[in-house]
Amino acid sequence: MTDYIQEQEMEIEALEAILMDDFKEIHSGESGLNTSKRCFQIKVTPVDDEADEVTTAPVQLALIFSHQERYPDEPPLLNLNSLRGIQGEHLRILKEKLQQEASENLGMAMIYTLVTSAKEWLSEQYCQDTSIEDAEAEEAAKDDVIVPHGEPVTVETFLAWREMFEAELALERAKLMPEAALSAPKEKRLTGRQWFESGRHAVKGAAPATEGSDEEDVEDIDFDDDDFEDDEDDMLEHYLAEKTDSSSHSSKRETN
């Protein structure tokens with residue numbers, strides 16, 4: 001003859017060791033079961049199938065059970081309460097499901113099997129939508145990420161760009177100066193800044209282009225004092241050297 005009491009005690013000890021704080025004994029009067037025997041409550045929460053961890057779904061179930069005299073050869077008494085967020089209709093459906101599984105597992109300790117089944121059912125009912133929303137939010141966050149293009153700006157690259165930009169400004173300024181200013185001896189030559197500040201650049205100019213002319217309008221260039229550095233004479237000399245070489249080549253071609 002099977003020792004039902006010993007088998008029931010062994011199952012309770014195993015459940016305490018596995019479930020720990022989620023497992024506790026309660027008074028039969030608060031169990032909702034029609035029995036005077038010992039009653040127990042297990043907190044059941046949906047789990048992530050992969051990580052096997054408690055999810056953030058705002059639902060929690062109290063699975064209440066009591067062993068009948070000939071358990072596990074007869075099913076346990078079961079009751080379900082919502083601790084957080086579970087609909088009454090879902091409690092009824094899940095209870096019927098667990099009672100059916102208990103009938104199919106007669107002859108063996110089954111409480112942990114029923115707890116696992118309840119976890120999986122809650123996950124299907126309350127966590128699938130959350131998982132889909134999380135996946136969609138993650139995809140949307142990926143779409144919002146702006147991938148930088150081009151070379152990153154550093155202090156070194158900015159200074160190099162600034163030096164080139166100022167050199168181009170000095171060259172453009174030299175191109176706008178009259179030939180007399182460019183050919184003057186260095187000691188008498190006005191710097192680009194002095195020439196512009198003297199207002200002489202306003203004297204130099206061409207007749208306005210008539211309608212239909214092929215000549216393009218030259219856009220005025222505004223220069224600030226900060227645009228010019230102390231090395232502007234070197235820029236001007238470089239331009240003059242290029243201009244002298246160009247003139248020499250032209251003379252040689254005419255001689256030939």
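Trainee: Are F23 and F40 buried or exposed?
Mentor: The model is predicted, so local features need pLDDT of at least 70, side-chain atom pairs count only at pLDDT 80 or more, and totals for chains, interfaces and linings use all residues. Residues are numbered from 1 along each chain as its sequence is written, and side-chain values use heavy atoms, with hydrogens and water left out. Relative accessible area under 20% is buried, over 50% exposed, and in between partly exposed (1.4 Å probe, protein chains only). F23 and F40 are both buried.

Trainee: How many aromatic pairs are found in the whole structure?
Mentor: Rings of Phe, Tyr and Trp (its six-membered ring) pair if their centres lie within 6.5 Å; planes under 30 degrees apart are stacked, over 60 edge-to-face, and the rest tilted. A search of the whole structure gives a count of 4.

Trainee: What is the arrangement of the rings of F23 and F40?
Mentor: The ring centres of F23 and F40 are 5.4 Å apart and the planes are at 20 degrees, so the pair is stacked. It links distant parts of the chain, 17 residues apart: F23 is in strand β1 and F40 in strand β2. Strands (E, at least two residues) and helices (H or I, at least four) are DSSP runs numbered from the N terminus. The arrangement is therefore stacked.

Trainee: What is the angle between the planes of W161 and F165?
Mentor: Both residues lie in helix α5 (residues 155-176), 4 residues apart, about one turn of the helix. The pair W161 and F165 is stacked, with 5.3 Å centre to centre and a plane angle of 10 degrees.

Trainee: Why does F165 count as partly exposed?
Mentor: The class follows from relative accessibility. F165 counts as partly exposed because its value is 36%.

Trainee: Where is S36, and what is its relative accessible area?
Mentor: S36 is in the loop between β1 (23-26) and β2 (39-44). S36 is exposed, with a relative accessible area of 72%.

Trainee: At what angle do the axes of α2 and α3 cross?
Mentor: Axes are lines fitted to C-alpha atoms, for helices over the stretch in contact (heavy atoms within 4.5 Å). Angles run from 0 to 180 degrees between N-to-C directions. The axes of α2 (residues 88-104) and α3 (residues 111-126) come within 10 Å, and the crossing is at roughly 145 degrees.
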